[in-house]
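Colleague: I would like a close look at one part of this model, followed by an account of how the rest of the chain is laid out. Please keep to what can be computed from the atoms.

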Amino acid sequence: MFDKYSFTVREKFLHYVTIDTQSDPHSKTSPSTEKQFTLSRLLAKELQAMGITDAAVDPYGYVYATIPSNTEKDVPVICFCSHVDTAPDCTGANVKPIVHENYTGADIVLPDDPTQVITTAEHPYLAEKIGEDIITASGTTLLGADDKAGVAIIMDMANYLVTHPEVKHGAIRILFTTDEEIGRGVDNVDIQKLGAKFGYTLDAGERGVVEDETFSADAITFTFHGISAHPGYGKDKLVNAIKVASAFIDSLPKDELSPETTDGRYGFVHPVHIEGIGEKVTVEFILRDFYTNKLAAYADYLRDKAESALQRFPGSKVDVQVREQYRNMKEVLDQHPEVAEYAKQAVVRAGMEVIASSARGGTDGSRLSFMGLPCPNLFTGEMAFHGKHEYVSVQDMQKAVEMTVHLAAIWEENA
């Protein structure tokens, strides 16, 4: 089926990662950075050049497009979705991708900063990629495989389906979102306009992975209030909010309940931002667990820690705000088992073993599922994301293209 097909995913990916699309969590605009439009407009233009005439960018930087049905069957409309932005954790400006052809298994020294070395000891999955073509950045930036690998895969899938009408499929909607990395990826998605019944995000890692479960997530903000006074005359008057917040953070456990000490199905509380002055300090946390009811317990746990800190500094006060971020997609997907099952069948048809997995994080699909679009997450090959050691296998991306094409056909066959 793909023996004579010239994949376009490698060339597309190498181009897309050179476009800076980093999102900004402190921006109030949508999208959070104007530069995300640059890639969105390019994608719409490339889709139109394929003959997908309705491809367009909306005011929020989202790209909507339709591959029309080519079957007489009444097939549910499915959507493939990836995000164009890259994480704020590491710069995405001036990315210089490097292709390491026929990878040998040796350490990969990144030339622009030779202290950045990607090893199989730190990245065991890389040891499985010997003989494949590995793409990295040059050492001073992230790569952007999260999620430009997903974007390039969907674009190559579209190219294949448009040029191979013998593959029967229903209507397929394409959605590229902005600001996923800062938790706003689907804030402005128009579900009615999208018009899909089921969806798939392409934003997972290892070859063969199908994720039908994610963390549930809340954000909680503590605002500590001290009492301002001239430090020269502050005895028995001044209450330093910086010290209150520091005591609060220092009281957190050092060997549990944090991302650096947990894995598997264990959740965590994680401080992500702190700012302020002696009079007022704000500390922002994220709360994560596969079991949604545990989030309230985590919030209560942190409130108790905050109250203990206040007792050490009489006169101090705290305000607490909790905000829902996303919920475990499994709560919705269990009601539609065929969505993940068809994805697993597509993985097998593409010649791979299925890795059923739970994501220790969230995807656009987490929120889309609760917006009425049940939406598991599928592999792209992106690895070590959000840092300078990020890499992706070209062959993994090609296999993902095959999987998505088979998936479109499976939905048609079962209609």
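Which residues of helix α5 (residues 241-250) are buried?

Modeller: This is a predicted model, in which local features need pLDDT of at least 70, side-chain atom pairs count only at pLDDT 80 or more, and totals for chains, interfaces and linings use all residues. Residues are numbered from 1 along each chain as its sequence is written, and side-chain values use heavy atoms, with hydrogens and water left out.

The buried residues of α5 are Ala241, Val244, Ala245, Ala247 and Phe248. Buried means under 20% relative accessible area, exposed over 50%, and partly exposed in between, with a 1.4 Å probe and protein chains only. Viewed down the axis of α5, these buried residues fall within an arc of 160°, so they line one face of the helix; the arc is that of the directions from the helix axis to the C-beta atoms. Lys243 and Asp250 are exposed on the other side of α5. The cover over the buried residues of α5 includes strands β11 (216-225), β12 (268-276) and β13 (280-289), together with helix α6 (293-312). Helices (H or I, at least four residues) and strands (E, at least two) are DSSP runs, numbered from the N terminus.

As for the whole chain, its secondary structure comes to 10 helices and 17 strands. Buried residues make up 55% of the 415 residues. For 415 residues, a compact globule would have a radius of gyration near 22 Å, and the chain agrees with this at 23 Å; the radius is taken over C-alpha atoms, and the globule rule is 2.2 Å times the number of residues to the power 0.38. Along the principal axes, the C-alpha atoms fill a box of roughly 80 × 50 × 35 Å. Of the contacts with a separation of 6 or more, 80% are accounted for by residues 24 or more positions apart, where contact means heavy atoms within 4.5 Å.

Two buried loop residues show such contacts. His169 sits in the loop between α3 (145-163) and β8 (172-177), and counts as buried at 2% relative accessibility. Not counting residues up to four places away in sequence, His169 touches Ile67, Pro68, Ser69, Asn70, Thr71, Leu161, Ala408 and Glu412. Leu110 lies in the loop between β5 (108-109) and β6 (117-118), and is buried at 0% relative accessibility. With neighbours within four places in sequence left aside, the contacts of Leu110 include Thr136, Ala137, Ser138, Gly139 and Lys388.

The backbone also has some points to check. Most residues other than glycine have a negative phi, and most peptide bonds are trans. The bond from Ser30 to Pro31 is cis, with omega near 0°, and Pro31 is in the loop between α1 (9-16) and α2 (36-50). The bond from Asp146 to Asp147 is also cis, with omega near 10°; Asp147 belongs to helix α3. Asn102, in the loop between β4 (98-100) and β5, has a positive phi near 50°. Asp179 has a positive phi of about 60°. Asp179 lies in the loop between β8 and α4 (191-194) and counts as buried at 1% relative accessibility.
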